[in-house]
Amino acid sequence: MIRSRNLFIGGTLCFVVVAAALLSFVWTPYDITQMDIPNKLQKPNGIHWFGTDHFGRDIFSMIMIGARTSLAVAIVAVGIGMGLGVPLGLWAAANKGGWIDEIIMRGNDLIFAFPSLVIAILITAVMGASALNAIIAIGIFNIPVFARLTRSGALSLWEREFILAARVAGKSKPRISAEHILPNVANLLIVQGTIQFSLGILAEAGLSYVGLGAQPPTPSWGRMLADAQTMVSFAPHLALVPGLAIVTAVLGLNLLGDGLRDLLDPKIRVVRS
Amino acid sequence: MSLLTVDNLSLSIGDFSILRDVSFSIEPGEIVAVTGESGSGKSMTAFSVMQLLPERAKSTGQIRLEGKDLLSLSEPQLCAIRGNDIGMVFQEPMTALNPVKTIGAQVMETILIHTDMTPAQAEEQARDMLTRVGLPPDRFPLSRYPHELSGGQRQRVVIAMAIALRPKLLIADEPTTALDVTTQAQILDLLKELVAEFGMGLMMITHDLAVVSDMADRIIVMRHGEIVEQGETRALFADMKHPYTRALFEASGHQVDLPDAPDGPDPILQVTNAIRDYPLPRTRLFAPREHHRAVNDITFTIHHGERVGLVGESGCGKSTLTRAILGLEPLQSGSITAFGHTVGPAMNPALRSGLQVVFQDPYGSFNPRHKVARIVTEPFHLLPDPPTGTARDTAIAEALTAVGLKPEDAQKYIHEFSGGQRQRIAIARALIIRPELIIFDEAVSALDVSIRAQILDLIADLSRSHNLSYLFISHDLSVVRTVTDRVLVMKSGEIVEQGDTKEVFSNPQHPYTQTLIAAAPVLPQVGKGAA
Amino acid sequence: MLRYSLKRLASLVISLAIASLVIFLVIEVAPGDPASYMLGINAQPETVAALRAELGLDVPKAERYLNWVGGMVQGDFGTSYTYRTPVGQMIADRMWVSLPLALYALTLSTLIAFPAGIYAAARRGKPGDMAVMGATQLGVAVPNFWFAMMLVLVFAINLRWFSAGGFPGWDKGFWLSMKSLTLPAIALALPQSAILARVMRSSLLDILSEDFMRTARAKGLSRRQALWRHGLRNALIPVLTIIGLQFSFLLAGGIIIEQVFFLPGLGRLIFQSISARDLIVVESVVMLLVFSVILVNFLVDLAYAAVDPRLRSRT
Amino acid sequence: QDDITVAMQLEPPHLDPTSAAAQAIDSVVYINIFEGLTRFMDDGSIVPALAKSWDISEDGLTYTFMLNDGVTFHDGTTLDAEDVKFSLDRARAEDSTNAQKALFAAISEVTVVDPMTVKLTLSEPNGNMLFNLAWGDAVIVAPESIENIKTNPVGTGPYKFSNWVQGDRIELMANDGYWGDAPAIKSATFKFISDPTAAFAAIMAEDVDVYPNFPAPENLPQLEADPRFKVLRGSSEGETILSTNNKMPPLDNVKVREAIAHAIDRQAIIDGAMFGLGTPIGTHFAPHHPDYVDLTAISAYDPELSKKLLAEAGYPDGFTTTLKLPPPSYARRGGEIIAAQLRAVGIQTEISNLEWAQWLEQVFRGKDYGLTIVSHTEPFDIGIYARPDYYFQYDNPAFQDLMAELNKTTDPAMRSEMLAKAQTIISEDYVNGYLFQLAWPSVVRTEIDGVWQNAPTAAIPVAEMSWAD
Ligand SMILES: Nc1ncnc2c1ncn2[C@@H]1O[C@H](COP(=O)(O)OP(=O)(O)OP(=O)(O)O)[C@@H](O)[C@H]1O
Ligand SMILES: Nc1ncnc2c1ncn2[C@@H]1O[C@H](COP(=O)(O)OP(=O)(O)OP(=O)(O)O)[C@@H](O)[C@H]1O
Ligand SMILES: [Mg+2]
Ligand SMILES: [Mg+2]
Ligand code: NI
């Protein structure tokens with residue numbers, strides 16, 4: 001009951017966000033590249049459902065396209081984390097105790113030791129503010145998360161007898177990693193993936209908020225919040241709407257992750273910080 | 001009045017009925033053994049007496065301790081009884097103790113909750129109790145933590161905790177399953193002494209009939225949540241009324257019909273002065289690495305068609321040796337040759353295909369995501385041109401039939417099989433490429449007695465039909481005795497004795513072998529005739 | 001225990017050395033020159049060159065790195081390019097805002113999370129648990145800077161209970177300063193406490209299913225007694241990890257919150273120095289943050305050993 | 001009440017106005033701590049300060065300044081001609097780190113005539129000399145205090161430096177030994193609040209009394225409606241322009257620049273980015289300056305004309321260029337609007353937001369940009385158009401000659417005429433897109449008088465403020 005409820009609510013929220021993002025490719029209520037300064041700062045109304053911003057742009061349309069930005073940044077960042085972290089983790093586990101394992105794990109520790117936000121700020125400050133650099137900055141910090149998770153999941157699998165059986169069948173370590181280990185840590189990765197995905201959305205919002213994320217004219221929820229900040233006192237909807245959008249997406253993903261975990265394997269432990 | 005009387009106890013958890021109409025009683029000073037196969041409801045019966053049942057459990061009937069009906073008591077009243085009137089010892093000594101508290105504190109706690117002793121007095125009593133269970137404080141200070149003790153010592157702490165207040169009833173749920181035979185014998189002796197000394201009633205749960213046969217006054221046999229038979233030990237063994245009891249007993253002492261070993265003098269496996277070290281974690285950053293020698297200078301030979309046993313306590317290096325023979329891990333010195341070629345991590349597939357293995361764990365030996373067909377054909381990887389299409393199907397069908405399964409089973413997933421069936425699949429996987437030597441590493445240790453008997457028969461049959469040689473590893477002497485021609489006895493990485501199985505068992509030479517054989521519980525011969 | 005600590009300490013030092021190199025390299029490739037930033041758009045090239053020489057920016061990079069690290073080892077962080085004051089002094093001043101803020105937030109989040117987590121675990125599956133878990137789901141999803149904005153809107157602008165930001169300084173009175181740190185601490189603490197409460201709950205639930213909890217109950221301890229005497233301390237181990245992670249997050253993550261509440265802490269210092277290309281300040285602050293993360297991890301490791309005797313005897 | 005809290009956006013890096021460009025330094029120290037020979041007034045006029053009077057020689061090459069009597073530095077030492085010579089020589093020196101060294105380029109020698117008289121000899125006549133000497137970069141400093149001037153400034157002004165809590169505030173207190181009139185405000189606190197939201201909140205919470213150049217124009221209507229505050233809508237010296245790289249194709253084509261000029265709707269930008277604050281300009285000159293000529297019509301908003309011009313220039317489908325934006329909100333917000341307006345006529349812009357340091361490196365020094373938005377806040381700075389190596393890369397010999405001529409001219413009428421001509425040349429060459437004169441909105445507690453409405457220089461003279469009881 002609890003399971004299906006988490007899955008259902010999370011799935012619904014995620015669906016709404018993803019649908020809005022996809023729909024925005026073909027349709028938004030208004031063209032947000034057009035400024036309509038005389039109609040700026042309208043409260044939510046029948047014409048502009050979520051009101052208009054300080055340039056008179058339709059907030060509903062911006063939220064839709066902002067969803068696209070958030071999702072894209074988070075997906076690619078998690079993709080980087082998984083794409084590099086999972087093979088590293090598999091590799092480290094397959095050669096446990098060896099110098100490769102040692103280097104990979106110490107390197108991971110080192111990345112963990114850096115305050116991620118500060119480094120993300122540094123990276124974007126050094127390389128210039130852009131969505132791509134935000135992705136890289138967020139992605140780098142996803143690598144150790146997935147590497148550690150994969151390694152610890154894989155390590156316990158390497159002790160299992162079916163892996164020994166595969167080795168007796170003469171299969172090489174990389175092959176066993178791909179054939180036996182990876183599918184068995186997949187659940188773990190999927191669940192952690194949704195969590196990292198939601199953290200990615202939060203991180204993107206944070207970076208955009210300090211002006212280091214996606215650049216205008218591409219709308220981003222974080223930047224909408226930053227733009228809204230000086231106007232909260234007389235136009236609170238400017239801050240409320242993108243804030244709630246972030247909460248919706250993150251909440252949806254977290255619930256989905258919890259639901260998936262319960263569905264796939266209740267023993268999975270996710271790391272959140 | 002009996003000490004404990006259980007009347008028509010029925011228990012259900014959610015929609016599942018776990019216990020049905022269980023009735024028995026225990027007198028003061030009496031040892032009652034509850035036995036039966038895994039899942040038969042032994043532990044649930046014990047937890048019902050403790051009233052420590054899972055949340056959704058509902059029970060009916062009566063459980064009376066000295067006339068008080070435990071089912072009608074409130075939770076605080078029950079708390080006052082637990083630990084005071086009833087003590088309990090659990091199976092797993094490794095996890096039954098709180099890892100972050102000293103053993104002294106944990107034993108004292110029982111005393112402090114139930115009496116108004118001062119901590120100093122309680123400590124004194126804890127000291128006494130620990131001495132009583134064989135942990136004198138001058139050698140085992142109260143300030144030790146559980147991880148600083150061996151399994152058997154921890155089990156003693158758990159017992160000390162349970163008997164600290166001399167409860168009227170002691171429940172021991174498989175207290176020795178996790179221990180070595182020698183340690184097991186010590187713990188059982190200790191329990192017997194305590195019962196005699198304190199006049200406690202002991203409810204002793206075990207699935208090992210041999211364990212109970214020489215200590216229990218009475219035996220209760222359970223199956224599917226019901227008591228099928230109970231009675232005074234000697235009488236029960238002499239005259240087993242229920243067919244299940246008989247089957248259980250017969251399976252426990254099962255002897256297989258092993259064909260004669262062919263006189264093939266050609267050796268197929270030669271282990272010469274093998275040494276295997278594990279590096280220990282560094283103690284200091286740049287300290288030289290220390291090593292743990294798990295296999296120390298082992299030499300033996302297996303000839304064509306020979307069935308060799310390897311016995312020894314947990315941790316003596318049996319599995320390590322297995323992995324070295326399979327060429328999964330390198331040796332630090334010495335050599336292993338199979339069929340005249342050196343074995344090692346870099347050995348060629350053809351050589352590897354002559355050696356296969358069956359592991360202990362029927363649940364962990366398979367990738368749960370693969371179908372049986374894929375699992376059993378995994379060793380085909382070793383063949384230069386593996387069969388495909390119908391040839392492959394035929395090979396699968398043959399292998400499955402050989403282990404008593406149906407060819408259709410190839411399309412099922414592993415979770416659709418019982419433990420015994422899984423172990424058959426594991427054997428099928430080992431057989432499919434027709435190896436000359438199979439290593440059984442504790443291949444039957446996790447199985448229930450009746451299933452174990454079937455698998456042992458299967459192994460004997462295969463030895464006949466496939467002319468197999470095998471190395472059979474186990475810590476269970478009775479099993480090794482029936483399925484091997486020759487036996488190796490291993491202790492701390494070394495082979496201390498080897499020779500003809502019958503010879504070694506009837507006339508052990510090495511002191512270690514002697515203690516091992518002496519400690520192993522044996523079934524009384526009385527039942528033999530009845531079976 | 002001593003050996004364990006020494007080993008941790010050695011790896012701490014190595015990590016720091018590598019970190020310092022990485023930080024230096026990352027920051028030194030950043031475009032932008034502090035001297036031309038300081039002199040503005042009307043400055044003449046030779047003026048800029050003169051200032052670069054005065055600031056010591058014309059020295060080769062390798063030498064600058066060695067000077068910097070060598071100085072830090074002796075406790076000298078160098079002199080800020082723009083402020084011309086010792087970096088160590090600047091950091092110490094800012095630390096007096098950031099550190100209390102982090103501690104305050106950590107205290108708050110622990111005070112909220114522990115009872116919530118324990119309550120939920122004790123009431124597993126019941127409405128109380130559901131309510132707490134629902135709230136934590138929401139807490140995890142709320143970005144702290146947005147939460148901060150909402151706090152300012154409600155409590156500073158509308159209700160005027162707190163000032164919207166700024167920091168009077170400890171010399172102006174302890175309570176006054178604590179008051180000005182309250183909204184920022186809440187903004188930082190609430191999302192963190194949601195995470196902490198979840199960890200606390202799940203870790204307790206894990207412990208509740210351990211064998212030794214059953215042993216404790218068999219001794220005659222009530223459910224609650226068993227939870228307090230045997231459960232909590234064991235459950236603390238994963239919780240400690242998270243607290244350790246959170247502390248460094250709070251210290252560094254305060255960056256954005258310090259922006260929102262214009263607190264003169266390390267976060268603002270880092271933003272200011274990045275935009276002024278006051279490289280040595282950026283390097284030193286990041287180094288300090290890395291150091292504190294590593295140090296906190298080290299302390300957490302030691303705390304583990306205090307909580308868990310199994311770790312003490314391990315090499 | 002005789003104390004006051006003044007807020008400012010940026011914290012000064014240090015307190016030496018003679019060795020950094022940061023305006024925040026001037027805001028704190030100019031006229032409060034340090035004074036020059038001459039000084040600015042609210043309306044931009046130049047009046048005597050430490051110099052009570054001066055003589056200018058017929059040929060315009062010699063300036064003789066008579067100093068006020070009884071002026072002492074905060075450390076008790078007396079101000080004399082030696083100090084003036086020291087200060088000016090220090091600013092002109094070979095290894096000087098004065099950000100506005102060009103102000104002193106014309107001076108060839110500074111001589112002490114007697115303790116109260118100092119003579120400046122110029123290498124060529126300079127009509128701006130008195131104006132130049134009024135800058136914060138030309139204040140008189142005490143030789144003994146140079147060592148610690150950055151953290152402990154010692155000047156002659158009505159306030160002494162008292163305390164600096166880095167990251168938060170600087171405190172000044174009245175100088176009892178001040179040579180002029182004693183100020184009404186006895187202690188002043190400068191608080192640094194950069195974040196616009198925080199600025200608004202601080203004002204609302206009455207944490208600050210005066211906020212010159214309030215950073216959030218969107219909040220001004222609310223503040224104006226609040227009886228506790230008054231809003232002064234002044235003007236700064238900042239010509240906010242769409243700076244254009246005159247050497248980067250296709251922007252090197254005057255037709256293209258003209259097209260851009262006509263694509264821009266100034267009022268939309270002022271409304272959208274500055275919430276109505278700001279005066280449209282058509283050239284690089286401050287509208288409040290007496291010599292200003294309104295040339296906005298030359299670049300009137302006319303997208304159709306713009307498209308036509310683009311087609312004529314050979315870009316019927318437009319083109320793509322970069323738009324690099326420094327941090328201030330006029331640039332960031334204005335940039336978004338301009339991007340939209342340019343897109344409407346077919347010009348695509350790639351926006352990138354830069355930190356100041358990056359902007360200086362890439363745009364200003366590296367000239368690696370197509371368009372950028374920036375406010376040129378130095379007063380009377382049309383001269384930059386005569387520098388072909390300046391980041392606009394505008395190279396017009398006629399204009400350069402005109403400027404050279406202007407520098408030598410002291411006759412006011414002739415200067416007016418030449419300035420009008422100069423304004424027209426750059427306007428008709430569409431060197432840059434001329435947007436608006438940056439406003440200088442100040443939020444002040446209703447009871448406070450004497451706050452400068454305009455900002456001829458980045459100064460916040462506390463001595464002129466007072467509380468009405
Ligand atoms: N918490 C539980 N919830 C539901 N069913 C349970 C629970 N614990 C045990 N059971 C079921 O109750 C039955 C009896 O279990 P019990 O633990 O008493 O067996 P046992 O005889 O002790 O077996 P073993 O020898 O393996 O310990 C089993 O079918 C088991 O699956
Ligand atoms: N990977 C490893 N690293 C270090 N030590 C190991 C490793 N594997 C096993 N050991 C140690 O080597 C010794 C022999 O272990 P092994 O698994 O061979 O014992 P075993 O006889 O198979 O025991 P069991 O009956 O419990 O299976 C043990 O002391 C064990 O702790
Ligand atoms: Mg059991
Ligand atoms: Mg083993
Ligand atoms: Ni100007």
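Predicted model: local features only at pLDDT ≥ 70, side-chain atom pairs only at ≥ 80, totals over all residues.

Biologist: Understood. Which residues of chain C does UniProt list as "transmembrane region"?

Modeller: The unreviewed UniProt entry lists residues 12–30, 101–122, 143–161, 181–200, 235–257 and 285–307 of chain C under that name.

Biologist: What is the chain like over residues 181–200 and over residues 285–307 of chain C?

Modeller: Residues 181–200 of chain C are 100% helix and 0% strand, with the end C-alpha atoms 26 Å apart. Residues 285–307 of chain C are likewise 100% helix and 0% strand, and there the end C-alpha atoms lie 32 Å apart.

Biologist: And chain A, which residues does UniProt list there as "transmembrane region"?

Modeller: For chain A, the unreviewed entry lists residues 7–27, 71–93, 114–141 and 234–257. In the model, residues 71–93 of chain A are 100% helix and 0% strand, with 31 Å between the end C-alpha atoms. Residues 234–257 of chain A are 88% helix and 0% strand, and their end C-alpha atoms are 37 Å apart.

Biologist: How many helices and strands does chain A have?

Modeller: Chain A has 9 helices and 0 strands. Its C-alpha trace spans about 75 × 45 × 30 Å along the principal axes. Of the 273 residues in chain A, 61% are buried.

Biologist: Let us change topic to the ligands. Which residues surround ligand 1?

Modeller: The surrounding residues are B:I13, B:I18, B:S38, B:G39, B:S40, B:G41, B:K42, B:S43, B:M44, B:P54 and B:E174. By class, this shell divides into 4 nonpolar, 5 polar and 2 charged residues. Helix 1 (residues 42–50) of chain B provides the largest share of the shell, with 3 residues.

Biologist: What lies at 2.6 Å from an oxygen atom of ligand 1?

Modeller: That is an N or O atom in the side chain of B:S43. A polar side-chain atom of B:K42 lies 2.8 Å from an oxygen atom of ligand 1, and a backbone N or O atom of B:G41 lies 3.0 Å from one. Ligand 1 has 640 Å² of accessible area on its own, and the protein covers 62% of it.

Biologist: Now ligand 2. Which residues come nearest to it?

Modeller: Of the 13 residues around ligand 2, the nearest are B:S314, B:G315, B:K318, B:S319 and B:T320. The shell has 3 nonpolar, 6 polar and 4 charged residues. Strand 12 (291–303) and helix 10 (318–325) of chain B each supply at least two residues of it, and helix 10 of chain B gives the most, with 4 residues.

Biologist: Which polar atoms lie 2.6 Å, 2.8 Å and 3.2 Å from an oxygen atom of ligand 2?

Modeller: A polar side-chain atom of B:S319 is 2.6 Å from an oxygen atom of ligand 2. A polar backbone atom of B:K318 is at 2.8 Å, and a polar backbone atom of B:C316 is at 3.2 Å. Taken alone, ligand 2 exposes 640 Å², of which the protein buries 61%.

Biologist: Staying with chain B, where is B:T35 placed?

Modeller: B:T35 sits in strand 3 (residues 31–36) of chain B. B:T35 counts as buried because its relative accessibility is 0%, and buried means under 20%. The C-alpha atoms of B:T35 and B:D208 are separated by 7.2 Å, although these residues are 173 residues apart along the chain.

Biologist: Finally, the metal. Which protein donors does the nickel ion (ligand 5) have?

Modeller: The donors are D:E237 (O), D:E239 (OE), D:H376 (O), D:E378 (O) and D:D381 (OD), at 2.2 to 2.7 Å from the nickel ion. One pair of them links distant parts of the chain: D:E239 is in strand 12 (residues 229–244) of chain D, and D:H376 is in strand 16 (residues 371–376) of chain D, 137 residues apart.

Biologist: Are D:E239 and D:H376 buried or exposed?

Modeller: D:E239 is buried, with a relative accessible area of 1%. D:H376 also counts as buried, at 1% relative accessibility.

Key. Residues numbered from 1 in each chain as written. Chains lettered and ligands numbered in written order. Heavy atoms only, no water. Donors = N, O, S within 2.8 Å, 3.2 Å for Na, K, Ca; no water. Buried < 20%, exposed > 50% of the residue type's maximum accessible area, 1.4 Å probe, protein only. Near = heavy atom within 4 Å. Polar contact = N/O pair within 3.5 Å; in protein donor to acceptor, adjacent residues only side chain to side chain. Areas by Shrake-Rupley, 256 points an atom, 1.4 Å probe, with all protein chains shown as cover. Nonpolar A, V, L, I, M, F, W, Y, C, P; charged D, E, K, R; others polar. UniProt positions renumbered as here; feature names shortened; annotations may be inferred.
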